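Subject: Structure handover

Hello,

Here is the structure we talked about. My notes follow below it.

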Amino acid sequence: LAQVVTINHPLKPFLLINLHAEAFEAETRLKQLDFVYELFWELDKDFPVILIGDFNSNCLDADAKIHLFINDERLVSCSIDMENVSASPKSFPADNPDRRLDYIFFNPEHFELIDSRIATEFGDISDHFPCVATLKIK
């Protein structure tokens, strides 16, 4: 479900949560995303946290669990057009992307977003296009 690693950055350590949520069993995925949401905020009490990965939750679906993260005003969601979520770049499937399943989130109290995008230039090295961000530690 989630790997949590400590990055010993020269300015200060931060945590990275790498997520791969359940793809096929919706009830399990909902529980996982609730758990990771709570985990993020629990860890954020002591360390800056970046949450990345395959959430298997499409932001184009109005009732998708990903909106728990996207609609949290305390979080920044990379490469998401908050004015028009349907216009946000798609990440899956890589051969003809029609939905967004991959995300990067962080608390802007700890990081500044420099740039973010869905990287398509690598071709079909995976069935997903990677979400890439450049962040600056505050």
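A salt bridge here is a side-chain nitrogen of Lys or Arg within 4 Å of a carboxyl oxygen of Asp or Glu. On that criterion, the structure holds six.

First, the ground rules. This is a predicted model, in which local features need pLDDT of at least 70 and side-chain atom pairs count only at pLDDT 80 or more, while totals for chains, interfaces and linings use all residues. Residues are numbered from 1 along each chain as its sequence is written, and side-chain values use heavy atoms, with hydrogens and water left out.

Salt bridges

Lysine 65 pairs with aspartate 34, and their closest N and O atoms are 2.8 Å apart. Lysine 65 sits in the loop between S3 and H2 and aspartate 34 in helix H1, so the pair ties together parts that are 31 residues apart in sequence. Helices (H or I, at least four residues) and strands (E, at least two) are DSSP runs, numbered from the N terminus.

For exposure, buried means under 20% relative accessible area, exposed means over 50%, and partly exposed is in between (1.4 Å probe, protein chains only). Lysine 65 is partly exposed at 23%. Aspartate 34 is partly exposed too, at 33%.

- Lysine 45 meets glutamate 42 at 3.0 Å, N to O. Lysine 45 is exposed at 61%, and glutamate 42 is partly exposed at 46%.
- Arginine 74 meets aspartate 72 at 2.8 Å, N to O. Arginine 74 is partly exposed at 44%, whereas aspartate 72 is buried at 8%.

Nonpolar cores

In soluble globular proteins, nonpolar side chains tend to be buried together. I counted a nonpolar core as a set of buried Ala, Val, Leu, Ile, Met, Phe, Trp, Tyr and Cys residues joined through side-chain atoms within 4.5 Å.

The largest such core has 23 residues. Those with the most contacts inside it are Leu51, Phe55, Ile66, Phe69, Tyr103 and Phe105. Which elements give two or more residues to this core? They are strand S2 (14–20), helix H1 (26–43), strand S3 (49–54), helix H2 (67–70) and strand S5 (102–106). H1 gives the most, with six residues.

Look at phenylalanine 55 in the viewer. Contact here means heavy atoms within 4.5 Å. Leaving aside neighbours within four places in sequence, phenylalanine 55 is in contact with Leu19, Ala21, Arg29, Leu33, Ile66, Phe69, Leu101, Tyr103 and Phe105.

Backbone points to check

Most residues other than glycine have a negative phi, and most peptide bonds are trans.

- The peptide bond from phenylalanine 92 to proline 93 is cis, with omega near -15°. Proline 93 is in the loop between strand S4 (76–77) and S5.
- Asparagine 56 has a positive phi, near 50°, and is not a glycine. Asparagine 56 is in the loop between S3 and H2 and is buried, at 13% relative accessible area.
- Serine 79, also not a glycine, has a positive phi of about 60°. Serine 79 lies in the loop between S4 and S5 and counts as buried at 12%.

Best wishes
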